[in-house]
Amino acid sequence: MSETRIRLIAPSGYPHDRAAMTRGVERLRAAGCVVDALDVLDRGEQRYAGSDAQRAADINALATLDALPDIALAIRGGYGATRLLSGLHYDALRERLGGSNAMLVGYSDFTALQLALHARSGLCTFSGPMLGADFGAETLSDFTWRHFWQTARAPASEAAWPTSVATQIDVEGPLWGGNLAVLCSLIGTPYFPAIEGGILFVEDVGEPPFRIERLLYQLHLSGVLGRQRALLLGDFSQCRASAYDNGYSLEHGFAQIRAVCGIPVIDGLPTGHEPDKFTLPFGAPARLRVGGGEARLSFSGYPHLSP
């Protein structure tokens with residue numbers, strides 16, 4: 001297999017943990033990757049990895065590079081991607097990246113770009129590990145590393161995990177989703193894709209349980225949930241209840257959404273702000289099968305590394 005060319009992009013927060021970024025670059029190089037655009041690691045403006053123009057240019061450059069990278073990898077999340085959406089060159093990105101095998105990978109705040117690129121350019125991107133928190137973690141998750149390369153190196157892959165749902169389910173549809181708060185922030189905008197019959201996955205970090213329920217209600221009341229085949233619940237990290245919640249928890253919120261949304265709600269998906277995460281192609285055809293306490297998600301037809 002030829003060398004994998006990775007180009008770093010920094011659409012959101014600045015690289016506050018430079019040691020983690022360095023470890024991530026070193027691990028990718030040790031795996032035989034060529035890592036370019038290291039200059040984004042030196043940028044910073046307030047809480048962002050450079051100005052809006054600089055960060056948008058990271059994405060727009062993918063339409064004009066002489067040779068596309070195999071992977072455009074976000075260095076971290078945070079906040080800032082939403083500020084770029086009106087400045088992206090969607091037609092040029094569609095023309096250059098549509099039908100290519102270039103992989104755009106990230107999660108958390110990166111969800112804003114994934115939604116917009118699918119809605120406006122029809123692109124399939126990836127919810128998956130980023131440079132700092134994942135590839136640069138002090139202890140690298142073997143789970144995350146293995147599934148990333150398993151998915152990146154094949155035209156089809158799958159993810160399986162234990163779930164508390166015992167009901168038999170077998171549905172197909174486009175796989176999509178990401179950070180719940182970011183998803184909800186773009187409802188009603190030109191950057192929110194109109195996906196029908198999809199398999200939607202969500203995750204979040206640092207939101208109290210009642211806010212998670214409220215965000216899920218926004219997806220429900222706006223009609224988004226009702227147009228999907230299933231909802232997959234990922235990791236909800238640091239989403240702690242308070243004394244005022246009086247026993248109310250995330251599980252109560254999820255039970256409420258199950259009662260009102262009218263579609264299967266499957267828990268346990270490893271995605272989000274925890275060390276172990278699957279690499280999931282946003283926009284790819286997928287099949288979800290649930291039974292016997294296990295969920296299995298298979299997907300294909302996404303960009304992948306050439307042999």
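Start by selecting Gly78, Asn179, Ala181, Val182 and Asp204: of the 13 residues that line the second largest pocket, these lie nearest its centre. Keep in mind that you're looking at a predicted model.

Now colour helix 7 (180–185) and strand 8 (199–205), the elements that each give two or more residues to this lining. Helix 7 gives the most, with three residues. The pocket's volume comes to about 150 Å³. If you colour the lining by residue type, you'll get six polar, four nonpolar and three charged residues.

Next stop: the largest pocket, with a volume of about 260 Å³. Pick out His16, Arg76, Gly77, Tyr107 and Ala133, which lie nearest the centre among its 15 lining residues.

Is Gln114 buried or exposed? Gln114 has a relative accessible area of 0%, so it counts as buried. Show side chains here and look for Thr125: a polar contact of 3.1 Å links its side chain to that of Gln114. To see what else surrounds Gln114, leave out residues up to four places away in sequence; what it touches then is Gly106, Thr125, Phe126, Ser127 and Phe282.

Conventions
Residues numbered from 1 in each chain as written. Predicted model: local features only at pLDDT ≥ 70, side-chain atom pairs only at ≥ 80, totals over all residues. Heavy atoms only, no water. 1 Å grid on protein atoms, 1.4 Å probe; cavity = no way out; pocket = protein on both sides within 12 Å on 5 of 7 lines; lining within 4 Å. Points joined across faces, edges and corners; volume = space filled by probe spheres on them. Helix = DSSP H or I, 4+ residues; strand = E, 2+ residues; numbered from the N terminus. Nonpolar A, V, L, I, M, F, W, Y, C, P; charged D, E, K, R; others polar. Buried < 20%, exposed > 50% of the residue type's maximum accessible area, 1.4 Å probe, protein only. Polar contact = N/O pair within 3.5 Å; in protein donor to acceptor, adjacent residues only side chain to side chain. Contact = heavy atoms within 4.5 Å.
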